[in-house]
Structures are given as structure tokens and as C-alpha cells.
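Thanks for coming, everyone. Let me put the model up on the screen and then talk you through it.

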Amino acid sequence: MRSVLVLLIATFPFIAIGAHAQATVTPTEQQIDAIFTPVTQESAPGLAIVVRKAGRTVYEKGYGLRDLHTKSKIDQHTNFRLASFTKQFTAMAIMLLVHDGKLRYGQTLTDIFPDFPGYGKDITIRNLLNHTGGLPDYEDLMDAAEKGKGPLWSPEHQIQDAEVLALLKKESKPKLAPGTSWSYSNSGYVVLGLIVAKASGQSYGDFLHGRIFAPLHMDYTVVYLKGKNKIKNCAFGHTAYMPDHGPQKSTLNETDQSSTSATLGDGGIYSNLEDLAKWDDALRNHTLLGADEFAPALVPAELADGSPTLWPTTPNDDNLHPGKPVSYGFGWFLDPYWGHSRMWHTGSTMGFRTVIERFTADNLTIIILCNRTDLDPESLALESANLILATH
């Protein structure tokens, strides 16, 4: 019996909590667990994490509760709002339509929407994919519209994709000239979602289900439409608020939806660790697109004058590293990490924070999904990666 145990330990040096035992990595489960236990509580909203090495899950665990009312715990089946994590799926949908011959990366907004104002004639699909299109920010346009007419949108009456397009059509010029600078654009990805629908003849959600989720057996991943579909094992989002006075600690309040939570291509997908592991496999194995056809997604954006792409200097929720260099392809950040090549993306919205980190040369993927806003999944993922990358 002792010899059998020794053989098992030698074969499976790393045992995942809440997942199947796997080999190939050396950090212990206690080392990774020690990163997350101090920042979560069993009776509060929390997070789910999966670590995958060479296509195998080596660590998977849920921390905290997905629903404070039912006290339901977070696990690998808990569905979180992905927020901007969604953008990689929107980009893949566009690439599939290019594969089908229904779109070209050089097509412009006026090619696709003939009634779009003249400033759209120089904005290409490629510009939208890599955030060099310069479209006005639709949340700024919402604010401007509400200053003149009073409240127009709310968590109960959310802005829809068609309304975003209508706001953009009312403008006479872009925020920035296309190709002259890099500026993260939710407007661009809302429009890409609308382009998916127009080019495919299906809704954005139906196209993604038919061409991505169903083929990959991502059975619980959905494009959420309030009042039209439901999320199984749904995590509810929470925001941390600091009291105005006194020494009290911050409180976590349920803040699951906002006035912008109904837009799709920029952040409308819900998914879980189990399904996202299948997505990771599909990317690794080129299941949906061959390596050559997927290659454009991994080409960093270039500006027309050859100058480097930089984060804008003005801080905001979508500006992760103000003023610093940025490398972005189609739905993926491509900045290396201490010499390790990677493709990655974060997501941030009302009540949720998410991240996927794919260290491509190291065959390592880390995904973290949070239903509270006072956690930084990007930093937590990189701290976890440090444990594993240091052993190789």
C-alpha cells in the first residue's frame, strides 16, 4: 500500500482543490490557496479561479458565495458576468464571418451601415477590433443626452445596442481620427456586435451560440438578454462602498445591473470556469479557426504614422495603465509579462471583475471571476502565475 501511495504522489505532485488531480506543475495547492484565502470570506461574495497547464486543470476552487440570499457557494459551475472579457468572443465571431466570406477587415462603417455619418468612412472593422477607430464613448454620449432631457436610462430601463448606434449616428465627427491613437473603446465593440448580427442574419447571441458555444459544448455560457433568458447558477454582483464618516469598514452591496448592462458585444456574456476551460482548449487547439486564420488576432495594433500605441493619459475605469505602452490585437491584450509571451483580457462592470491570462509559450492559463469589485483579479492572477512560472 505504501508503495502505491509513493507512486501516486510521484505521478500527481500537485492536487487541485475542487478539481481532478493533475500533474505537470510544482507549486502546492496551499501556496495558491494562500493568495486567495486572505482576500475572501466564506460568508461574503468572492471569486472562482482555475489554473490550467498544458490543457489540464491543475487548480480549481470557488471562494465565498454567489448569492447572499440563498447562501449558495461559488464553484466551477457558477456563472459570472464576464464584462469586457466578452470582447474576445466578439472578435472571434467577426473572424468567423471573415472566414465565411461575409466580412472583410478593411470594410468601413459606411460600407456596413450606409446611413452612418461621413466620419465612419475611414473607420474599418480592423480599427474597431484593435481600438484604433476613435469612436465617441457611448457613455459620454448618454451623459450628454441626459443633461438636455433628464434621466433616460436606468438599471430598469437599460440602453440597448441599437440606441448606442443611434447616438453614434447623431455625431458629426469621431472622438479621435481613425488610426491616429489607441483608445480602449466599448463603443467599438458594441458596434462589432451589431455587425455580427447584420452580416450573419442572426442575433448576436444566436450567432455566438451556434458557432462558438454549442460546437465547444459551452452549455451554460449565454449572451444575457434581460427578460428573454435566464442564467443558471448565477453569481450576483456586489460593489464595495466606504462609509462617509467614522471608522467603519467598507460594505458590500448587491449591485448587479446598471444602465449599460444590456449592451452585448462589449460585455454581455455570462460564463463559468468549466465552460471557459473548454474555450481555453479551443484556443490552444485551433478548434474554431486554423492557426493561420487566427493569426491576425495576435498582431498588435499599429498607428498610421508608426508611433507606438499607448494607454490614454487620463485615468478612468477602462484605462488600466495610463500613459504606458499597450499592445492589443483582436479582442486580446498582447503585452508580455517579464519576458513571458501572453494574451490576456480583464473585465470590469457593475458588481463584477474578471480576467483571463494565457501565457502561450508556457502553456499556462489562469482565469479568475469575481462577484465583488474590491478585488483585483489581474494582480491575483499574476501573483498565482509567479508561483508556476518560477518553476520553469
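Two bits of housekeeping. This is a predicted model, so local features need pLDDT of at least 70 and side-chain atom pairs count only at pLDDT 80 or more, while totals for chains, interfaces and linings use all residues. Residues are numbered from 1 along each chain as its sequence is written, and side-chain values use heavy atoms, with hydrogens and water left out.

Okay, cores. By that I mean buried Ala, Val, Leu, Ile, Met, Phe, Trp, Tyr and Cys residues joined through side-chain atoms within 4.5 Å; buried is under 20% relative accessible area, with a 1.4 Å probe and protein chains only. The largest one has 82 residues, and Phe89, Ile195, Leu208, Ile212 and Trp279 touch the most other members. Helix α3, residues 87-99, gives the largest share of this core, 8 residues. Helices here are DSSP runs of H or I, at least four residues, and strands are runs of E, at least two, numbered from the N terminus.

Take Ile212: leaving out residues up to four places away in sequence, Ile212 touches Phe89, Met92, Ala93, Leu96, Phe207, Trp279 and Leu288, where contact means heavy atoms within 4.5 Å.

Now, rings. How many aromatic pairs does a search of the whole structure find? The search finds 16. Rings of Phe, Tyr and Trp (its six-membered ring) pair if their centres lie within 6.5 Å; planes under 30 degrees apart are stacked, over 60 edge-to-face, and the rest tilted. Trp182 and Tyr184 make a tilted pair, 6.4 Å centre to centre with 55° between the planes. Tyr184 also pairs with Phe333, and that one is stacked: 6.3 Å centre to centre, 5° between the planes. The Tyr184 and Phe333 pair links distant parts of the chain, 149 residues apart. Tyr184 sits in the loop between α7 and α8, and Phe333 in the loop between α11 and β10.

Ring pairs join Trp182, Tyr184 and Phe333 with Trp311, Tyr328 and Trp344 in a cluster.

Conventions. Buried < 20%, exposed > 50% of the residue type's maximum accessible area, 1.4 Å probe, protein only.
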